[in-house]
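Please read them with the coordinates open.

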Amino acid sequence: MTDVTTPPVEPTTALRAEPQGGFGRILGWAMWDWGSQPFNTVITTFVFSVYLTSSSFGPTNTTSTALAIATALSGLFVALLAPVLGQNSDRSGRTVRNLRVQTWVLAAVSAALFLVQPDPSFLVLGLVLLGAGSIISEIASVNYNASIEQVASPSNVGRVSGFGWGMGYLGGILVLLLLYFVFIQPEVGLFGVTDTDGLDIRVSMVVCGLWILLFTLPTFFVLKDQPREKAPRVGVAESYRLVWASLRSLWARSPHTVYFLGASALFRDGLAGVFAFGAVLAAGTFGMSAGDVIIFGAAANIVAGVATMLFGLLDDVLGPKRVILISLVALVVLGLAIFVLHDGGATVFWTLGLAMTAFVGPAQAASRSFLARVIPEGHSGEIFGLYATTGRVVSFLSPAAFALFIWLGAVITGDDNTQYWGILGIAVVLMAGLAVLIPVKTPQEQVGSHQA
């Protein structure tokens, strides 16, 4: 029996020993990050979420709290669905096929946001569609992350993961600028689109759907489902039993991987909170217009894309854990600085907010590469399913903490708009993830301590 008090040597990774197919194949894989980015950048962060929390849908505190609650609920649904769908992909060997279908549904939901008109009666519809898209996007990401083994090796997985995240941010720049200059900024945009009835924002949602549909196509040309023996179908209850068995097996052979799943669940939720509520803060607290938020988003994506690619190089040299630690410490410090200096106006947000974006992507990419390095062969879908599930089990924390601190701020100060207090909630979640991550040992540290 394995003695779990002494960390065992990590199992052989699912990554192949040599790079798979060169840069062209990596680029094709990374196009999913590029193509799916409008949902993260335009819809959940810089455009639609700002539109949905505007005065057209109700008071700032009401719409911000409603968005936080909807985000938390969608996270709980992901936690419930990811084990079942992750097991299905892993057992059926249809990871790529499932990714393709989920991507197409995500494109349809994104385009359907056109239906959300600027009126309080449409707030619920907007929140439901946004929540549904978030669930689909997260489940699709499980299959996409699992496919990294088709294009990366142990020697370049940090660069590959960072390149993918960086491509996503750069894709976000282009789509933001496209929408801003073609539909949102002009008084009369392309096809005669104006801001009457929010038409400029709503048409932008249709463009997002088309972008997702078209630019993810290269991914499905380079990725193919791996042939495997067909496994028998299992029910929902059995799927959850298998997930629990997988977690117990993973604990027995690699307890620090389980520790990392717990730590990453916390800090990834904090990272998601930074982007999910950053643009909302920009508009509601720092008085930035919708156009200003989009320009900030473009600048943020440039900074994030370049930083993530550069940190990907450091990942392969320093190791992913050190990259994550550096990023989390920087984010907590910068977040607290924004809270303290919020009276400084938009200049404070431009300066410190852009600095924060330089550390979100590196932490996310390094988290993916950390896990990819320790996944046993044939278990990528299973482990990345656990990765999503453990993350979403606590995914209500950042939205709930954001809403809670807004409420606390209102109670303490008596002000009507205490939205900036929400950043303290995000900082608390990031600090919790940092505290849990510090004692986690990397594969190299485990081997060294085991030999000692």
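1. Overall make-up. This is a predicted model. The secondary structure of the protein consists of 17 helices and zero strands. There are 452 residues, of which 57% count as buried. Taking contacts between residues at least 6 apart in sequence, 85% join residues at least 24 apart.

2. Helices α1 and α7. Helix α1 covers residues 22-46 and helix α7 covers residues 199-215; the two pack at an angle of about 165°, and their axes are 8 Å apart. The pair is therefore roughly antiparallel, since an angle over 145 degrees counts as such. The crossing of α1 past α7 is left-handed. On the α1 side the contact is made by M31, W34, G35, S36, P38, F39, V42 and I43, and on the α7 side by M205, C208, W211, I212 and F215.

3. Helices α1 and α11. Helix α1 also packs with helix α11 (residues 290-318), at an angle of about 140° and with the axes 11 Å apart. Q37, T41 and F46 of α1 make the contact, together with V293, I294, F296, G297, A300 and N301 of α11.

4. Aromatic pairs. How many aromatic pairs does the count come to? The count comes to 17. One of them is formed by F48 and Y51, with 5.8 Å from centre to centre and 50° between the planes, which makes the pair tilted. Both residues lie in helix α2 (residues 48-52), three residues apart, or about one turn of the helix. Are F48 and Y51 buried or exposed? F48 has a relative accessible area of 0% and is therefore buried. Y51 also counts as buried, because its relative accessibility is 9% and the limit for buried is under 20%. Elsewhere, W29, W32 and Y144 are linked by ring pairs into a cluster.

5. Charges over rings. Two arginines deserve a look in the viewer. R202 lies over the face of F114, 4.5 Å from the ring centre. In the case of R268, the charged end sits over the ring of Y387, at 3.5 Å from the centre of that ring.

6. D269. This residue is placed in helix α10 (residues 255-284). Is D269 buried or exposed? With a relative accessible area of 6%, D269 is buried; the limit for that class is under 20%. Which residues does D269 touch, not counting those up to four places away in sequence? They are S264, V394, S395, F396, L397, S398, P399 and V429.

7. I135. Helix α5 (residues 123-146) holds I135. The relative accessible area of I135 is 16%, so I135 is buried, given that the limit is under 20%. I135 and V78 are 57 residues apart in sequence, yet their C-alpha atoms are 5.6 Å apart in space.

8. The loop between α6 and α7. Helix α6 spans 157-184, and F191 is found in the loop between α6 and α7. D197 is found in the loop between α6 and α7 as well. Phi of F191 is near 65°, a positive value in a residue other than glycine. For D197, phi is near 55°, again a positive value in a residue other than glycine. How do F191 and D197 stand in accessibility? F191 counts as exposed because its relative accessibility is 72%, and the class begins over 50%. D197, with a relative accessible area of 49%, is therefore partly exposed.

Notes. Residues numbered from 1 in each chain as written. Predicted model: local features only at pLDDT ≥ 70, side-chain atom pairs only at ≥ 80, totals over all residues. Heavy atoms only, no water. Phe/Tyr/Trp six-rings, centres within 6.5 Å; stacked < 30°, edge-to-face > 60°. Helix = DSSP H or I, 4+ residues; strand = E, 2+ residues; numbered from the N terminus. Buried < 20%, exposed > 50% of the residue type's maximum accessible area, 1.4 Å probe, protein only. Lys NZ or Arg CZ within 6 Å of the ring centre and 35° of its normal. Axes fitted to C-alpha atoms, helices over the stretch in contact; angles between N-to-C directions. Parallel < 35°, antiparallel > 145°, perpendicular 65-115°, else oblique. Left-handed = near helix turned anticlockwise from the far one by under 90°. Contact = heavy atoms within 4.5 Å.
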